[in-house]
Amino acid sequence: KLFLDAGSFVTPGNIKKVKEFAQKKNKGKKCCQKEHFERYGSEEEAKKAASENKLSQKPGHYRQEKWIGEPGEIKPRNLGDRKYYTHKMDIETKVGTKEWLEKNATRKTNEPGRYGIPASKLEEFNEYIMKIIGKKR
């Protein structure tokens, strides 16, 4: 059991009230809210992204887009040779990131939930990143 306020607990029976309470309490506050995305890449890329908490261009690939997706939208088996996509990067971002991506990223109609961040906008996108966790897939 968790405390909701003095004398009341969070239980399966009152979870709806708890969510409503939390929404009212946090109304207008964006500090505690997050959006999540994911990317697949090499171990080297995942370690670098996690240690720096940003995405960066691979040497020799400075003009290419960085593709990310909403959780569950990227099918790792469809990415190509598995040896190049050994790690998954979970990207935690500030609220407003998806809206920024809708305006600034490349979209493909056959890949919903996926965003190609232009190389020229990568640093701007990195300002939205709060944390990146890299792990073997």
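Select K88 to begin; K88 lies in strand β5. The model is a predicted one, where local features need pLDDT of at least 70 and side-chain atom pairs count only at pLDDT 80 or more, while totals for chains, interfaces and linings use all residues. Residues are numbered from 1 along each chain as its sequence is written, and side-chain values use heavy atoms, with hydrogens and water left out.

**K88 and E38.** Show the side chains of K88 and E38: they make a polar contact at 3.3 Å. A polar contact is a pair of N or O atoms within 3.5 Å; within protein, one must be able to donate a hydrogen and the other to accept it, and residues adjacent in sequence count only if both atoms are side-chain atoms. Not counting residues up to four places away in sequence, K88 touches E38, R39, Y40, I133, G134, K135 and R137. Contact means heavy atoms within 4.5 Å.

Centre on E38, in strand β3. Is E38 buried or exposed? E38 counts as buried, at 4% relative accessibility. The classes are buried under 20% relative accessible area, exposed over 50%, and partly exposed in between, with a 1.4 Å probe and protein chains only. The E38 side chain also reaches the backbone nitrogen of G72 at 3.1 Å. Beyond four places in sequence, the contacts of E38 include I68, G69, E70, P71, G72, E73 and I74.

**R39 and E45.** Move to R39, also in strand β3. R39 counts as buried, at 12% relative accessibility. The side chain of R39 makes a polar contact of 2.6 Å with the side chain of E45. Leaving out residues up to four places away, R39 touches E45, L55, K66, W67, I68, I74, H87, K88, M89 and I91.

**K66.** Of the residues touched by R39, take K66 next. K66 lies in strand β4 (residues 66–69). K66 is buried, with a relative accessible area of 5%. Which backbone atom does the side chain of K66 reach? The side chain of K66 reaches the backbone oxygen of S56, at 3.0 Å. Apart from neighbours within four places, K66 is in contact with R39, E45, S56, Q57, Y115, G116, I117 and L122.

**The largest pocket.** On a 1 Å grid over the protein atoms alone, a pocket is an open set of points where a 1.4 Å probe fits, with protein on both sides within 12 Å along at least five of seven lines; lining residues have an atom within 4 Å of a point. The largest pocket holds about 880 Å³ of space. Its lining has 30 residues, and R39, Y40, G41, E45 and Y85 are the closest to its centre. Strand β3 (34–41), α2 and β4 each supply at least two lining residues; α2 gives the largest share, four residues. Coloured by class, the lining divides into ten nonpolar, seven polar and 13 charged residues.

**Two loop positions.** S42 lies in the loop between β3 and α2 and is partly exposed, at 25% relative accessibility. Past four places in sequence, S42 is in contact with Y84, T86 and H87. Go on to N53, in the loop between α2 and β4. N53 has a positive phi of about 50° although it is not a glycine.

**The largest nonpolar core.** Finish at L55. A nonpolar core is a set of buried Ala, Val, Leu, Ile, Met, Phe, Trp, Tyr and Cys residues joined through side-chain atoms within 4.5 Å. The largest one has 16 residues, and L55, I68, I91, L101, I117, F125 and I132 have the most contacts inside it. Two or more residues each come from α2 (43–52), β5 (87–94), α3 (97–104), β6 (114–117), α4 (122–126) and β7 (129–136). Among the contacts of L55 beyond four places are I68, I91, I117, F125 and I132.

**Zooming out.** Show the whole chain: four helices and seven strands, in the order β-β-α-β-α-β-β-α-β-α-β. Buried residues make up 32% of its 137 residues.

Technical notes. Points joined across faces, edges and corners; volume = space filled by probe spheres on them. Nonpolar A, V, L, I, M, F, W, Y, C, P; charged D, E, K, R; others polar.
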